[in-house]
Amino acid sequence: MRDDWDDDQLLAALRESMRARLAVPPWFTQSARNAFAWHDIDAELARLTYDSSEDRDLEATLRSVSIRSEPASIRAFTFTSARLSIELEVTADSLIGQIVPPRLGVLEYECTGGEIAIVPIDEIGCFCIQPVPEGSFRLRCRTEDGVDVVTNWFTL
């Protein structure tokens, strides 16, 4: 900042900086936040390897079953890393999951708004998240034996 600016020049410079800030597209800002989220590279990435909404065989089976009963509302995901898998089922009011192989730990789920919640993982690897997160979120599993795995961001 220059020492010889008067108040009007300073206010004009501040207005210009605010206009420049507003000109940055929201997707660019979100990309920067997502990139910063990877500052902890010790966490291993668990890739999405199964999504029941893209399983054509399951879809055909559910369609034939729903003729005789109520349609099934469960959606399932599997995230896989070299050291463990995270299996997740979406129900009307919760996400029910299990890590394989089973072990004790904690599961964090982070929403795009920055909120982070932690739920316990029991001795058989099960956990429950209530309520179902809205919008994009990711999961991070930290086991007692030191495994640290994170999923990419996803939306239900």
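Me: Is Phe-79 buried or exposed?
Reply: In this predicted model, the relative accessible area of Phe-79 is 0%. Buried takes anything under 20%, exposed is over 50% and partly exposed sits in between, using a 1.4 Å probe and protein chains only. So Phe-79 comes out as buried.

Me: What pLDDT do side-chain atom pairs need to count?
Reply: Residues are numbered from 1 along each chain as its sequence is written, and side-chain values use heavy atoms, with hydrogens and water left out. The model is predicted, so totals for chains, interfaces and linings use all residues, local features need pLDDT of at least 70, and side-chain atom pairs count only at pLDDT 80 or more.

Me: How many aromatic pairs are there, and what kind is Trp-27 with Phe-28?
Reply: Rings of Phe, Tyr and Trp (its six-membered ring) pair with centres within 6.5 Å; planes under 30 degrees apart are stacked, over 60 edge-to-face, the rest tilted. The structure has five such pairs. For Trp-27 and Phe-28 the centres are 5.8 Å apart and the planes sit at 85°, so that pair is edge-to-face.

Me: And what kind of pair do Phe-77 and Phe-79 make?
Reply: Their ring centres lie 6.3 Å apart. The planes are at 20°, so this pair is stacked.

Me: Which residues share an aromatic cluster with Phe-77?
Reply: Phe-77 is itself buried, with a relative accessible area of 3%. One aromatic cluster takes in Phe-77 along with Phe-79, Phe-137 and Phe-154.

Me: Where does Glu-108 lie, and in which strand?
Reply: Glu-108 has a relative accessible area of 17%, so it's buried. Its contacts (heavy atoms within 4.5 Å), leaving out residues up to four places away in sequence, include Ile-118, Arg-138, Arg-140 and Arg-142. The element is a strand covering residues 105-111, namely S5.

Me: Which strands are the edges of the sheet?
Reply: Strands are DSSP runs (E, at least two residues), numbered from the N terminus, and two of them pair if DSSP finds at least two bridges between them. This open sheet of nine strands runs S6-S5-S8-S9-S1-S2-S3-S4-S7, with mixed pairing. Pairing on one side only marks the edges: S6 (116-121) and S7 (126-129).

Me: Which residue in S7 is the bridge partner of Leu-95?
Reply: Strand S4 (residues 95-100) pairs with S7 in the antiparallel sense, over four bridges. Within S7, Leu-95 is partnered by Ile-129.
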